[in-house]
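Visitor: I have a two-chain model on my screen and would like a guided walk through it. Could you take me around?

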Amino acid sequence: MASAAIIEQLQKQILSLQGGRPCCDQPALPLGLGVMESAFPGGAFPKGAVHEFISVSSEEAACTTSFISVVLGKLMKQGGHCMWISTVPRRSVFPHALGIFGLAADRILFVDAATTKETLWALEEALKCGALVAVVGELNELSFNDSRRLQLAVEQSRVTGFIHRFRPKVQSPVACITRWKISPLASEAPDGLPGLGFPRWQLALLKVRSGQPAQWQVEWSPKSMSLAYIQLPAISGHERQTG
Amino acid sequence: MSLRIVHIWFERLVTDWVIRRQPELKQIPFALAMQERNRRVIKAVNETAQAGGIYTNMVLADALALMPELEVMDYDTGQAAKLLNALAEWCIRYTPVVAIDLPDGLFMDVSGCTHLWGGEKEYILDIQKRLNVFGYTVQVAIADTPGAAWALSHFGEAMHVVADEQLQALSPLPVAALRLETSIVDRLEKLGLRTIGSFMRMPRTALFRRFGPSLLMRLDQATGTEMELLEPVKPPVPYHERLPCLEPINTAVGIEIALKNLLEILCLRLQRESKGMRQCNFIGLRLDGQVEKISIGTSRPSRNVQHLFKLFENKIQSIEPDLGIDLFILEAPVVEELHGSQDALWQATNAGEIAIAELLDRFSGKAKTLSIHRYLPAEHYWPERSVKEAGSLSEQPATLWRNDLLRPPHLLLHPELIEVSVLLPDYPPLLFIHKGILHTVKKADGPERIEQEWWLQEGLYRDYYCVEDQHGARYWLFRLGDYDSGDVKWFLHGFFS
């Protein structure tokens with residue numbers, strides 16, 4: 001018992017050394033994302049940090065956008081605005097579709113930048129602005145130094161950052177505290193009805209600082225506004241290819 | 001306070017400017033000539049040539065006969081106007097209202113300005129001295145009306161300082177001092193009316209009958225019975241503050257301090273009048289006469305010194321102080337109502353919104369290529385028209401976002417053409433090829449028919465299908481038109497998650 005307490009204490013110390021939230025004044029509250037939150041330090045989805053998402057195809061990008069919207073919807077339950085910064089010409093988010101993920105699109109400010117450099121500048125400025133709840137950045141390349149700057153910006157302002165990298169040339173190491181990869185899964189209509197079911201994704205948490213990388217298969221149910229965890233029979237790589 | 005007008009007459013504007021650029025010409029007689037029909041006519045002469053008997057509007061051949069060593073250069077017709085414009089902008093350091101008087105003068109409305117220089121005499125002496133340093137020969141006069149100031153600068157004995165003694169000062173001057181046409185001046189002189197005083201008190205009807213309306217108008221303008229409007233080069237801005245410096249400033253830190261001081265003064269004034277600025281210019285007048293200017297705009301009225309300073313901060317590097325800046329001006333050309341009480345009342349929710357508005361200001365100030373959008377639902381089924389842009393940060397949606405329709409989180413800006421294999425007439429595709437990749441459709445929903453809104457745009461309807469391929473990826477496809485009309489195309493319009 002005593003040893004468990006000591007370990008917990010040490011973990012807290014390590015967390016604060018790594019720039020985590022000083023846990024004494026404000027205990028981290030779970031966002032309501034379900035089982036996955038146990039993979040994170042402190043048992044809650046880390047706010048005030050930068051998360052990195054990687055997608056290599058348009059289908060994956062759509063899933064990533066949806067998952068980010070789910071998290072944003074939970075983060076913005078108490079109100080506030082968030083900012084969605086993209087490098088044109090690749091912003092294809094359709095505000096109308098975000099409602100089913102619990103996110104009111106009129107509370108998003110979309111900013112389009114012409115170059116990656118401008119996107120990074122805008123991202124850093126936005127992440128420094130404590131009045132925003134979260135900032136999403138869509139870009140291709142992110143160097144280690146740039147990601148450090150972003151991480152330093154959020155440590156001051158406690159804004160949550162989401163970096164969505166579409167088809168990056170190199171998957172370089174970055175200073176973000178997580179790296180995600182989200183891909184679509186075949187849906188299943190309830191009760192064996194024909195047609196499409198609710199959105200289903202394969203969530204892969206590839207890296208997480210002081211946490212446990214993991215994979216989940218989830219289904220988003222718009223009625224209860226929550227993620228349902230499902231167990232699918234394992235699909236071998238061979239089967240996926242020939243499908 | 002009565003109106004006080006200064007007129008500056010540049011006796012040899014263009015040649016003084018030429019000498020300023022090529023000082024070696026000062027000792028050499030030279031003239032600027034221009035082709036006029038089939039002969040060359042002198043348009044400007046310098047002092048040395050003038051002393052030798054050359055005058056303006058002389059035919060060049062005559063002048064060369066009189067003075068064979070005369071240097072001749074080409075005269076540029078637009079030069080005088082360009083020079084006067086630059087000089088007028090330089091003169092803004094003396095008063096905000098400076099007007100150009102073509103071809104060789106400047107009018108300045110100096111009412112209420114002269115005491116800053118210690119009096120009218122000192123004021124015009126300072127103007128004269130500084131313009132002399134630049135190399136311009138000037139005559140400066142101050143009077144109650146533009147007409148009188150013009151007359152005194154051209155024909156007055158010295159730099160007259162006249163207050164309410166207009167008529168006495170004007171009467172001994174020749175009639176040409178009234179800015180009359182040459183024909184009228186000739187006629188007056190023929191009749192022996194050589195000074196203004198000689199006909200000033202004649203019956204007006206007689207003067208009107210003999211010389212027309214222009215003489216009376218000019219006379220009235222000189223005496224002040226008729227108003228003459230000056231057209232300032234820069235229209236004065238009601239909200240502006242000036243900061244003259246004892247020593248010229250040429251460091252970034254100095255400029256920042258000046259900017260902060262001016263912002264504090266101007267914002268205090270705006271606060272007293274419950275106003276906020278939407279646009280702001282920061283102007284520095286350099287020692288060498290150049291003007292340095294940076295401008296910012298805000299997305300909502302603001303009088304927050306820190307915020308406005310931050311907007312300017314990025315642009316301060318673009319100021320080139322060169323030898324130094326001796327006068328800073330801060331002006332707010334556009335101001336709007338901004339009530340302080342509201343801020344206090346709505347502090348809890350509004351503080352965040354103000355911070356966001358200030359962030360957006362920084363975005364639009366930094367780069368013009370950053371565009372900011374906010375979307376509201378629009379009551380249209382046609383996907384491209386189902387969202388509209390919001391006008392402001394606080395605009396609320398008029399209707400709710402519709403969650404009952406299946407719409408893809410990623411919508412392509414332009415639908416992409418796909419090849420399909422499909423059962424007729426209304427089945428979803430069995431397979432489709434997008435960008436060279438074959439997708440076999442496993443599950444499908446649809447069709448959802450969306451009609452083109454004919455009152456907005458002509459066109460065919462779309463039948464939308466949601467399909468899922470063999471990898472579990474979901475797409476939004478549509479068929480344009482029907483098979484009866486012949487040519488049918490299929491498109492991919494979006495990606496579901």
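Here is a conversation about this predicted model, one topic at a time.

Visitor: Let's begin with chain B. How many helices and strands does the secondary structure of chain B come to?

Guide: Chain B has 497 residues, and 34% of them count as buried. Among its contacts with a separation of 6 or more, 55% are between residues 24 or more positions apart. Its secondary structure comes to 15 helices and 20 strands.

Visitor: Which element gives the largest share of the side of chain B that touches chain A?
Guide: The contact takes 46 residues from chain A and 43 residues from chain B. On the chain B side, the elements giving two or more residues include β12 (371-373), β15 (410-422) and β20 (489-496) of chain B, along with α15 (347-366). The largest share, 6 residues, comes from α15(B).

Visitor: And how many residues on that side of chain B are nonpolar, polar and charged?
Guide: This is about the side of chain B that touches chain A, to which chain B gives 43 residues. By class, they divide into 7 charged, 12 polar and 24 nonpolar.

Visitor: Which strand of chain A is joined to β12(B) by bridges?
Guide: One residue pair points the way: H373(B) in β12(B) stands opposite F110(A). F110(A) is also the bridge partner of W84(A), and there F110(A) is placed in β3(A). The two strands run antiparallel with 3 bridges, and the strand of chain A is β3(A), residues 108-113.

Visitor: Which strands stand at the edges of the open sheet that holds β12(B)?
Guide: The sheet has 10 strands with mixed pairing, in the order β9(A)-β8(A)-β7(A)-β6(A)-β1(A)-β5(A)-β4(A)-β2(A)-β3(A)-β12(B). An edge strand has a single partner strand, so one side of it is left without a neighbour in the sheet; here these are β9(A), residues 226-229, and β12(B).

Visitor: By how many degrees are neighbouring strands of this sheet turned against each other on average?
Guide: The sheet is an open one of 10 strands. One neighbouring pair in it is β2(A), residues 81-87, and β3(A), which run parallel with 6 bridges. Averaged over neighbouring strands, with direction ignored, the turn is 25 degrees.

Visitor: What angle does the direction of α3(A) make with that of β4(A)?
Guide: Helix α2(A), residues 58-75, packs on the sheet, and its direction makes about 120 degrees with that of β6(A). Helix α3(A), residues 116-128, also packs on the sheet, touching β2, β3, β4 and β5 of chain A. Its direction makes an angle with that of β4(A) of about 165 degrees.

Visitor: Back to chain B: which residue is the bridge partner of V420(B) in β16(B)?
Guide: β15(B) pairs in the antiparallel sense with β20(B) over 5 bridges, and there I418(B) has W490(B) as its bridge partner. β15(B) also pairs in the antiparallel sense with β16(B), residues 429-434, over 4 bridges. A hairpin through 6 residues joins β15(B) to β16(B). In β16(B), the partner of V420(B) is F432(B).

Visitor: How are α12(B) and α13(B) set against each other: parallel, antiparallel, perpendicular or oblique?
Guide: The axes of α12(B), residues 252-272, and α13(B), residues 305-313, come within 10 Å and cross at roughly 140 degrees. Angles over 145 degrees would count as roughly antiparallel, and those from 65 to 115 as roughly perpendicular. The crossing is right-handed. The two helices are therefore oblique.

Visitor: How many nonpolar, polar and charged residues does that helix contact have?
Guide: From α12(B) come L259(B), K260(B), L263(B), E264(B) and C267(B), while α13(B) gives V305(B), L308(B), F309(B) and F312(B). By class, the contact of α12(B) with α13(B) has 2 charged, no polar and 7 nonpolar residues.

Visitor: One last stop. Is R179(B) buried, partly exposed or exposed?
Guide: R179(B) has a positive phi, near 60 degrees, and is a residue other than glycine. R179(B) lies in the loop between α7 (166-170) and α8 (182-190) of chain B. A residue counts as buried with 20 or more other C-beta atoms within 10 Å and as exposed with 12 or fewer. R179(B) has 16 within 10 Å, so it is partly exposed.

Terms used. Residues are numbered from 1 along each chain as its sequence is written. Chains are lettered from A and ligands numbered from 1 in the order in which they are written. This is a predicted model: local features need pLDDT of at least 70, side-chain atom pairs count only at pLDDT 80 or more; totals for chains, interfaces and linings use all residues. Two residues are in contact if their C-beta atoms, placed from the backbone, lie within 7 Å. Ala, Val, Leu, Ile, Met, Phe, Trp, Tyr, Cys and Pro count as nonpolar, Asp, Glu, Lys and Arg as charged, and the others, Gly among them, as polar. Two strands pair if DSSP finds at least two bridges between them. Axes are lines fitted to C-alpha atoms, for helices over the stretch in contact, and angles run from 0 to 180 degrees between N-to-C directions. Angles under 35 degrees count as roughly parallel, over 145 as roughly antiparallel, 65 to 115 as roughly perpendicular and the rest as oblique. A crossing is left-handed if the near helix is turned anticlockwise from the far one by less than a right angle, and right-handed if clockwise.
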